[in-house]
Amino acid sequence: MHRLSSANQDYLETIFLLSQEIMEEVRPTDIANRLNVSKASVNQAIKALKAAGFVNNERYGPVVLTEKGRFEARRIHFLHHLIKAFMMSTLNIREEIAEKEACQIEHVIGNQTVKAIVNFMRNNNIKVHHFDLDEVHQFLFYSKRLSELKVGDQGVVKMVDAKGDLKKRIMEMGVIKGDIIEVIGVAPMGDPISLRIGDYNLSLRLAEADYVWVEVL
Amino acid sequence: MDIKRVALIGNPNSGKTTLFNALTGSTQQTGNWPGVTVEKKSGKLLKYQDIEVIDLPGTYSLGEYSEDELVAKRFLLYDRPEAVIDVIDSSNLKRNLYLTMLLLEMGENVILSVNMLDAARSRNAEVDVVKLSTLLNVPAVPTIAVKGKGIAELAEQTRNHMDRKCQSFRIDYGNEIEHHLCKFERLICQNELQLDDLEPRFLAIKMLENNHSILHRLREIGLTTEQEEDLEKDRAHIEGIFKEDIESVMIEKRYGFIEGIVKQVVNKTQGMDKEVGINRKINVSDAIDAVVLHRVLALPIFLLIMFLMFQITFTVGGLFTNLFELTLGKLSSVVSALVAQPLLNSFLVEGVLGGVGSILVFIPNIFLLFFVLSILEDSGYMARGAYLMDGFMRKIGLQGKSFIPMVTGFGCSVPAVMATRTLESKADRMITMMVLPFMSCGARLPVYVLFASIFFPNQEALVVISLYVIGIVVAVLMAKIFRLTIFRGKNTPFVMELPPYRIPTLRGVMIHMWDRGGEFLKKAGTLIFAVVILIWVLSNLPYGVAYASQDSYIGRIGQALSVLFRPLGFGTWEATTALIFGIVAKEVVVAALGTVYASQGTLTEAIGLLWTPLSAYSFMLMTLLYTPCIATLAAIRKETKSIWWMFFSMGYTFAVAWLFSFVFYQIGSRLSFWLGLLG
Ligand SMILES: Nc1nc2c(ncn2[C@@H]2O[C@H](COP(=O)(O)OP(=O)(O)O)[C@@H](O)[C@H]2O)c(=O)[nH]1
């Protein structure tokens, strides 16, 4: 999977927040105003985000998050508040500092640490403003689509997010919650991928693998 | 004698075909399922001739995902066979048992054939068949279909259990769901909403799952709107609790139940990492895949295999073809010597031996191609081919599995059309069938060779290759156009099993080869024969003309139609007649040219004199792209079940061919005119 630079992650988060706040189409100008940067850099970022499949954007048109983009943005956003709350509540760090540093940490923090923080806060009943920690927990650890795993990665199936016949098909072929899936190969053109589930191998296109959420092992 | 029916069902690659042949020997009959193009095979049990085995298509489930699934489901639901033999691959028990669950839920009288025990064993898993039988409360017979083990026992058990009343079987779906199921079962019983002899519980499950066809039928016998609204509420309630749609909940519950069973009946001997659940021991199949599906090596290996396939088909096939031709030649001279009556002589020699013979000489090629394809299929490589090619095929609006028929098309379009059967989606299948004939089949080669050797003596290979490439390009182009116009719609999902590699058995390969090639033989004997005779008659009438001369009917038709080809550079009655003959079989074009130019010296001289390089290439383009031969058309008619698609294929390929030749010839002649002026 394409990894975004921290700067682009910030852009993504900003687009996400703007789209929630202004309730209408987000334009490159809005982003530039919010982040106080030039329009040229915004356009450059949008280009990168678009190439990685996080946003859709027609020339001169609004910037629209793809589903993947919305997910990634939400993830970063969650992390930000989680880290900030953790720093403030347990480490007694001042809000300005927590805010500023959470902005940096959110880009580099790993799954294990996040998991530990979430568990700690849940056990000690510490609240994160605006968020239901259980939901955060759920969300963060359903955290990857099968299509994002690399060859050799394993994950536990958490849900199949497709609809109708496709969902039924994927599940009937044995992709069931709790099963362990390993990505064993990628076709030469990058798509489809081959998987191992239990005793057999299955191949899925990335488009279908996109619907399968796994918790990476 | 009362014939009883037992259906044979199982996942693809579970060994069903092998088992079917072992059970029924050579007594099978093939046909088609009514209304769909899925092939239907049936046969009698070898020892018990009063039991008919009906081979259902390989399927993972009993939904409506593909034609195959529908056929299986309909047969079970509406034709209610006395018993069902369910073949399960014991090296992949969990997924195979899913279908078993559906069958048991349907209240079928199931006999389990626990197959591939050898394969399971080699994966260090021992399956306790007795326990499985007890747990599911059905007879279960251990089998190894390839070695013929357990077949007699299976037949025996089948006969013994033919009249067994359905055992009660239920998956415990948990309190939440059971509560609702119970309610609906009661509702069904109280209101006598009885469908055939389907179990109330099965109906209740289907009602809850919102199965449209069952609900529709229940409505017809008195399910009220009120009750349906109630049902809707209950469904919403359950979905609320599980935060999932009801069908998914049910699938999960079934798999959960299966999980419990597998735990009890499979004894992992060693090498299995129980905690992780994935077989960590690198098995042979994965080792092969590591090379064969390697990111860099995969394509070269794939191309090599394809190349070898054609090499084998055409070199070995060539030997047979020569033999055939020699025999035919001998036969012709014998017949000529024996039959004095000129008309009868011409009928036998030119009509029967020449016409049908020209098709028959391709039989070795076709059978060999099928032989190799069957090896690829039985070994498990075919699925890998589809997997590798999917990325490319999707770009042109098709999917990975279309690749196999397309490649087959280089050999012969007839088996290629038949090979489209593996495609689940109707649109994919139709598009593939429509563009297949552009893949230059073996029969067109002689035409290229003839013209290229006369007009492009030093660039023969280049000319021939250019034609193959143009064929591919046109196929790709047309596929794209079809996808954007007639067969619109989203790409179908590609969820495909990559079965473990197996060493194919000669028996299995022969069976599959025969399944495919037999069709062609039959066709050569019927429809093709009829058309050949028709053309022969037209070539000999009015009475007394020389065979296929300008004055014969065929010559006159050629003359009349030749206007059509004038803008393409070959508007002569000779060329037109040859093209008409080419519809019988493409390689006949050369022979026909020989006949029509018979009065003007040798064929090479005549063509060298009367054609130009430009008109020659234009003619080759036409031969490449125009109307497929009758054998192919017959196959298209059979596979699409529609004479209209056959006519469509006839017409549109002709139009495409005409257009290409036209554009080529017109541009070519302008260019050469101007170039000529420039000197
Ligand atoms: N090891 C093993 N291979 C089998 C057995 N039964 C069938 N096969 C092989 O499995 C492959 C698929 O079998 P086939 O009968 O075509 O399966 P179908 O797709 O279910 O019809 C073939 O290569 C068979 O030779 C078995 O009991 N043991």
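## Domains of chain B

In this predicted model, the C-alpha centres of domain 1 and domain 3 of chain B are separated by 39 Å. Chain B as a whole is divided into domain 1 (4-160), domain 2 (175-290) and domain 3 (302-490 + 497-678), with bounds that come from an automatic or database domain assignment. Domain 1 of chain B places 23 residues in contact with 17 residues of domain 3 of chain B, where contact means heavy atoms within 4.5 Å.

## Domains of chain A

Chain A is also divided, into domain 1 (6-65), domain 2 (71-140) and domain 3 (143-216). Between domain 1 of chain A and domain 2 of chain A, the C-alpha centres lie 24 Å apart. Eight residues from domain 1 of chain A and eight residues from domain 2 of chain A make up the contact.

## The ligand and its shell

There are 17 residues around the ligand, and those that come nearest are Asn13(B), Lys16(B), Thr17(B), Thr18(B) and Asp118(B). A residue counts as near if one of its heavy atoms lies within 4 Å. By class, the shell has four nonpolar, nine polar and four charged residues; nonpolar covers Ala, Val, Leu, Ile, Met, Phe, Trp, Tyr, Cys and Pro, charged covers Asp, Glu, Lys and Arg, and the others, Gly among them, are polar.

Domain 1 (4-160) and domain 3 (302-490 + 497-678) of chain B each give at least three residues to this shell. Helix 1 (residues 16-24) of chain B supplies the largest share, three residues; helices are DSSP runs (H or I, at least four residues), numbered from the N terminus.

## Polar atoms and buried area

A polar side-chain atom of Thr18(B) is 2.5 Å from a ligand oxygen. A polar backbone atom of Asp378(B) is 3.1 Å from a ligand oxygen, and for a backbone N or O atom of Met116(B) the distance is 3.3 Å. The ligand taken alone exposes 590 Å², of which the protein buries 90% (Shrake-Rupley method, 1.4 Å probe).

## Confidence and conventions

The predictor gives the complex an ipTM of 0.77 and a pTM of 0.76. Chain B has a mean pLDDT of 83, and 91% of its residues reach 70 or more; pLDDT is the predictor's confidence in each residue, from 0 to 100. Over residues 271-281 of chain B, pLDDT stays under 50, and the model has 23 contacts beyond four places in sequence for them.

Residues are numbered from 1 along each chain as its sequence is written, with chains lettered from A and ligands numbered from 1 in written order. Local features need pLDDT of at least 70, side-chain atom pairs count only at pLDDT 80 or more, and totals for chains, interfaces and linings use all residues, while side-chain values use heavy atoms, with hydrogens and water left out.

Definitions and conventions:
A polar contact is a pair of N or O atoms within 3.5 Å; within protein, one must be able to donate a hydrogen and the other to accept it, and residues adjacent in sequence count only if both atoms are side-chain atoms. Helices (H or I, at least four residues) and strands (E, at least two) are DSSP runs, numbered from the N terminus.
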